[in-house]
Amino acid sequence: MTNKHKHIKEIIHQKMAWWYLSVPFFMILFLLLSIKNLYAISFDYSIEKYKPIKQKTQPADTNVVLNEYRIPILMFHYIRDYQNSQDSIGTNLSVSPKKFEDTINLIIKNNYSTVTMSEFVSKKINPKSIVLTFDDGYSDFYQNAYPILKKYNVKAVVYIITGKTNQGGYLSQAQIDEMSASGLVEIGAHSVHHLDLARSTENSVQSEIINSKNQSTSFCYPSGKYNDQTIEIVKNAGYLSAVTTKSGIATQKNNMFTLPRIRIQNNTDLQKIIDTL
Ligand SMILES: [Zn+2]
């Protein structure tokens, strides 16, 4: 072999050596990137699971005319896991805690702010607002809904039947006071005895509406029953709003004393409703 040939062979060997060295280098790089991605996924997952995204309080935009905005007022009763073929009313009025938490997540994902009824009537709210209302003041609200409200910093309105306070299955005064002080829960009125206010005597309608009033100015007709006289008495008692069981989406153009709501059940597709707003 000539010197020239030797020289060429050495050059080829050197080039091959670099090639052989680069293979493990790229393999290690690939391995490192894979590990990084794997960790990134599990890291995201842990955030999703353990750190709820809290609702940010959005400042009210007072420069816009809010009258045209459609503000859903959601209606709930019980928040509990309940299925009883002997009690279809109770079953239909029950929303599972899981469905309730999913609903809250959906509201936050769609960038809606939760407001109380007092804030709704003040009209100083963000156009993308939503109201969560709970009728009757059942004790499962404190056990199953209130912890979720606190977890996500979400507001709600509970309409209590004052004659039922401290009774089995209903909120206690201590629970009402605690939730009221939290600033997350407005305690509205839902009469004293849950009578049909469209069919009771004027005297009893007066006493049901006036005697159940606290510092809140928000009322809810028992079983959605009212007539013109009921509305007049509610207005004169100092309330600024009253919700019904009529189905629909409220606007601030609405008569504030006949506000429609959206009943939420375990199979309600709230995203579909939000998409129409
Ligand atoms: Zn009721």
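Reply: D136 belongs to strand β6, which covers residues 129–136. Strands here are DSSP runs of E with at least two residues, helices are runs of H or I with at least four, and both are numbered from the N terminus. The model is predicted, so local features need pLDDT of at least 70 and side-chain atom pairs count only at pLDDT 80 or more, while totals for chains, interfaces and linings use all residues. Residues are numbered from 1 along each chain as its sequence is written.

D136 has a positive phi of about 85 degrees, although it is not a glycine. Most residues other than glycine have a negative phi. D136 is also buried, because 21 other C-beta atoms lie within 10 Å. (Buried means 20 or more other C-beta atoms within 10 Å of the residue's own, exposed means 12 or fewer, and partly exposed is in between; C-beta atoms are placed from the backbone.)

N153 is in the loop between α5 and β7. It is partly exposed, because 16 other C-beta atoms lie within 10 Å of it.

Y142 counts as buried because it has 21 C-beta neighbours inside 10 Å. Leaving aside residues up to four places away in sequence, Y142 touches L171, Q175 and M179. (Two residues are in contact if their C-beta atoms, placed from the backbone, lie within 7 Å.) Y142 and S172 are 30 residues apart in sequence, and their C-alpha atoms are 9.4 Å apart in space.

Helix α5 (residues 140–152) also packs with helix α3 (residues 97–109), at an angle of about 25 degrees and with the axes 10 Å apart. This angle makes α3 roughly parallel to α5. (Axes are lines fitted to C-alpha atoms, for helices over the stretch in contact, and angles run from 0 to 180 degrees between N-to-C directions. Under 35 degrees counts as roughly parallel, over 145 as roughly antiparallel, 65 to 115 as roughly perpendicular, and the rest as oblique.) The crossing of α3 and α5 is right-handed, a term for the near helix being turned clockwise from the far one by less than a right angle, with anticlockwise being left-handed. From α3 the contact uses P97, F100, E101, I104 and I108, and from α5 it uses N144, A145, I148 and Y152. Sorted by class, these are seven nonpolar, one polar and one charged residues. (Ala, Val, Leu, Ile, Met, Phe, Trp, Tyr, Cys and Pro are nonpolar, Asp, Glu, Lys and Arg are charged, and the others, Gly among them, are polar.)

Helix α6 (residues 173–181) comes next, and its buried residues are Q175, I176 and M179. Seen down the axis of α6, they fall within an arc of 100 degrees, so they line one face of the helix. (The arc is that of the directions from the helix axis to the C-beta atoms.) The face turned away from this buried side carries the exposed residues Q173, A174, D177 and A181. The cover over the buried residues of α6 includes α5, β7 (156–160) and β8 (185–189). Just after α6, G183 takes a positive phi of about 80 degrees.

Further along is helix α7 (residues 202–211), in which V205, E208 and I209 are buried. They share one side of α7, because their arc around the axis is only 90 degrees. Part of what covers them is α8 (228–236). The axes of α7 and α8 come within 10 Å and cross at roughly 40 degrees. The two helices are therefore oblique to each other. E202, V205, Q206 and I209 of α7 meet Q229, T230, I233 and V234 of α8. The residues of this contact are four nonpolar, three polar and one charged.

V234 is also among the residues that A242 touches, along with F219, C220, Y221, F257 and L259, if residues up to four places away in sequence are left out. A242 lies in strand β10 (residues 241–247). It counts as buried because it has 25 C-beta neighbours inside 10 Å.
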